[in-house]
Amino acid sequence: MKTFHHERHLRTAGGLQVTDITEDVAESVRESGIQNGIACVYSPHTTCSVRVNEFENGFLEDFATLLKKLVPSNEYYAHDDWDKRTENICSEDMDFGNGHAHCMSMLLGSAGESIPIRDGELGLGTWQRVLFLELDRERDRRWLVQVVGT
Ligand code: ZN
């Protein structure tokens, strides 16, 4: 059993920007030399997430519209209420409230995806891509890939 770890950095544009990171993940799998196993792709952020789905502008627009409807940014969020909040004080959050982005991230589920690897290739379906979702404003971000297998 082998393991391989890689970390990538990106600057997002904010506003529910979706970045297709499939080729970077596939490159890490090739670099790992692992033929059969699993690639865990993970966002170490509370207001981003990694998802597998289609990278098609119409769908991405529909999903952004749905998310904004479910979690409007102009509602009250206790996370952004500095008369009330006492934990994890961070100056960036004081400047730009992001309670809505945390709620979006929780609704989306886990922070990452696990993708099977067979014969050195990601086992994605025809239209499946690995997507990095920015749910907050423009920020410096990173994602991790851990490849485990033989
Ligand atoms: Zn926050």
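Which residues are linked with Arg8 in a network of salt bridges? Asp24 and Glu27 are: the three residues form one such network. A salt bridge here is a side-chain nitrogen of Lys or Arg within 4 Å of a carboxyl oxygen of Asp or Glu.

This is a predicted model, in which local features need pLDDT of at least 70, side-chain atom pairs count only at pLDDT 80 or more, and totals for chains, interfaces and linings use all residues. Residues are numbered from 1 along each chain as its sequence is written, and side-chain values use heavy atoms, with hydrogens and water left out.

Start with the charged pairs. The whole structure holds 11 salt bridges. In one of them, Arg8 pairs with Glu27, with the closest N and O atoms 3.6 Å apart. Arg8 sits in strand 1 (residues 2-11) and Glu27 in helix 1 (residues 22-32), so the pair ties together parts that are 19 residues apart in sequence. Helices (H or I, at least four residues) and strands (E, at least two) are DSSP runs, numbered from the N terminus. Arg8 is buried, at 16% relative accessible area. Glu27 is partly exposed, at 38%. Buried means under 20% relative accessible area, exposed over 50%, and partly exposed in between (1.4 Å probe, protein chains only).

Now move along strand 1 to Arg11. Arg11 forms a salt bridge with Glu138, the closest N and O atoms being 3.1 Å apart. Glu138 lies in the loop between strand 7 (129-134) and strand 8 (140-149), so this pair joins parts 127 residues apart in sequence. Arg11 also bridges to Asp140, again with closest N and O atoms 3.1 Å apart. Asp140 belongs to strand 8, so here the tied parts are 129 residues apart in sequence. Arg11 is partly exposed at 48%, and so is Glu138 at 44%. Asp140 is exposed, at 56%.

Next, the interior. In soluble globular proteins, nonpolar side chains tend to be buried together. A nonpolar core is a set of buried Ala, Val, Leu, Ile, Met, Phe, Trp, Tyr and Cys residues joined through side-chain atoms within 4.5 Å. The largest has 20 residues, and Val25, Val41, Trp143 and Val147 touch the most other members. Among the elements giving two or more residues to this core are strand 1, helix 1, strand 7 and strand 8. A second, separate core has 13 residues, including Leu16, Tyr77, Met104 and Leu131.

Finally, look at Trp143. Its contacts (heavy atoms within 4.5 Å) include Val25, Val41 and Phe132, not counting residues up to four places away in sequence.
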